[in-house]
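Me: Got a model open here and want to talk through some strand pairing and a helix contact. Can you take a look with me?
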Amino acid sequence: MLANRTVRPFAPLVGVVRAMRRGTLIAIGICLAASGSAVGQGQVPPSSENVDDMISKVLEQDQATPQPGVSSPKPSALPVVMGARIGEHEDRTRFVVELSDPINLRSFTLNNPNRVVIDMPAVAWHLSGPPRPSGFGAVKSYRYGLFRPGNSRFVIDLNQPVSVADALVIPPQDGYGYRVVIDLFPTTQAKFDQTAGWPADLKARESAAERVASLPPAPPTVLPHAVAKKVIVLDPGHGGIDSGTNGVNGLQEKDLVLDEAMRVARALQRRGDYTVHLTRDSDVYIPLGERVSIGRSWHADLFISLHADSNPDAGVSGASVYTLSEKGSDKEAARLAREENQSDVIAGVDLAGENSQVAPILIDLAQRDTINRSSRFAQTVVTELSSATDILSRQPHRSAAFVVLKAPDVPAVLIELGYLSNTEDAGQMNTSRWRDGVAEAIASAVDRHFAPQAAVDPPGGPNGASE
Ligand code: ZN
């Protein structure tokens with residue numbers, strides 16, 4: 001779990017540096033004060049049980065005036081996050097992150113639901129199954145990953161409102177790297193709400209990113225006699241900090257769907273009839289609204305979102321295809337939409353203001369035509385997929401209020417490729433053969449959808465989608 005790192009023979013006494021305040025960005029400076037201290041040579045790194053005691057001791061020792069900082073040479077590689085842990089105490093919950101290098105960090109809180117977000121530059125994650133909180137303390141769960149290129153993030157889900165104390169940094173000692181200690185103290189919801197929200201600069205940056213995503217593309221150069229190519233936007237779900245569902249075999253939804261989207265893109269490009277765009281082509285998180293904007297900005301003729309499902313019943317298996325409806329075609333579809341719509345919550349997005357996730361999805365009359373075209377394509381996908389993979393036995397085409405499908409003018413479907421909770425599905429989804437077969441099936445469905453005779457096919461709608 002831990003990366004190689006230098007264990008300093010004489011650990012310097014700690015200079016604990018107040019590192020950050022809510023919403024401000026302050027470099028973590030590390031001050032090393034010379035000392036003939038309590039911590040000696042060759043001491044065995046403490047076990048995780050007594051790390052808290054050690055940290056407390058270290059914090060108490062922080063009476064010495066810090067000496068001028070000793071800066072270490074900047075490594076060219078990314079800083080490494082080597083460990084993260086949560087200590088639950090009567091009066092506080094302590095979150096400790098261990099790093100190879102000092103980095104810029106900042107924290108802020110979000111409500112609806114209550115979360116603590118810790119932002120940092122891009123880092124390499126060397127965490128393997130970090131200890132999880134009990135779920136009974138202030139912390140329900142946490143996750144980490146890339147939020148934006150150059151911006152990594154921890155998101156901590158809370159069981160109760162907390163106030164976040166200034167982070168404290170402990171320089172390397174006793175075999176540990178730099179440790180950032182963040183204490184969470186219980187507070188009231190009213191106080192939590194007062195300060196919750198994205199810092200202003202982050203808001204500005206994100207809305208700029210959203211604006212860029214929704215900029216119309218440059219008009220294509222029209223060649224004489226050229227036939228306009230259909231534009232297909234492929235949307236691999238999740239990414240970065242939002243890993244989606246985890247398979248029984250360790251396969252992560254975000255990785256599976258990215259790879260599958262690339263294969264579908266190649267299958268479509270080979271045909272020469274399509275212009276293909278992806279909402280993401282790397283392991284990065286893209287907000288749901290931005291995915292919709294990307295589809296609209298390319299004037300997509302089809303928007304295809306790729307996902308994989310999971311179910312508490314490990315026996316449920318097969319692919320299914322979803323289109324948009326206000327209410328789900330059934331309870332299970334509505335549940336799935338709620339889960340897939342959580343992506344922004346998971347990634348630590350501020351849902352205040354004109355947030356689309358909390359508002360019900362309302363479909364207007366003009367959108368009905370888009371939904372009918374979506375439904376027709378969904379039926380075609382189900383037919384084509386059935387030759388390449390198992391199809392969910394009951395109702396493989398269903399509908400629900402998926403945020404990512406809500407562009408009023410872009411026919412859109414969301415394909416759940418199979419159940420990562422099902423051993424057989426997860427196994428076959430892990431093979432190139434299956435992935436290529438499914439990619440080819442999706443591409444064939446696109447062909448059939450745009451074939452001239454397809455226009456006269458009667459639209460086949462799922463329950464609730466085309467009423
Ligand atoms: Zn998903």
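Me: How do β4 and β5 pair, parallel or antiparallel?
Reply: Antiparallel: β4 and strand β5 (residues 93–99) share 7 bridges. Strands pair if DSSP finds at least two bridges between them, and strands are DSSP E runs of at least two residues, numbered from the N terminus, with helices being H or I runs of at least four. This is a predicted model, where local features need pLDDT of at least 70, side-chain atom pairs count only at pLDDT 80 or more, and totals for chains, interfaces and linings use all residues. Residues are numbered from 1 along each chain as its sequence is written.

Me: What joins β4 to β5?
Reply: A hairpin, through 4 residues. Within the pair, Ile86 has Phe95 of β5 as its bridge partner.

Me: And β4 with β8, which sense?
Reply: Parallel, over 2 bridges, between β4 (residues 80–88) and β8 (residues 124–125). Val81 is bridged to Trp125 of β8.

Me: Switching to helices: at what angle do α4 and α10 cross?
Reply: Roughly 50°, with the axes of α4 (residues 253–271) and α10 (residues 432–450) coming within 8 Å. Axes are lines fitted to C-alpha atoms, for helices over the stretch in contact, and angles run from 0 to 180 degrees between N-to-C directions.

Me: Which residues make the contact?
Reply: Among them are Arg263, Val264 and Leu268 of α4, and Val438, Ile442 and Val446 of α10; contact needs C-beta atoms, placed from the backbone, within 7 Å.

Note on methods. Contact = placed C-beta atoms within 7 Å.
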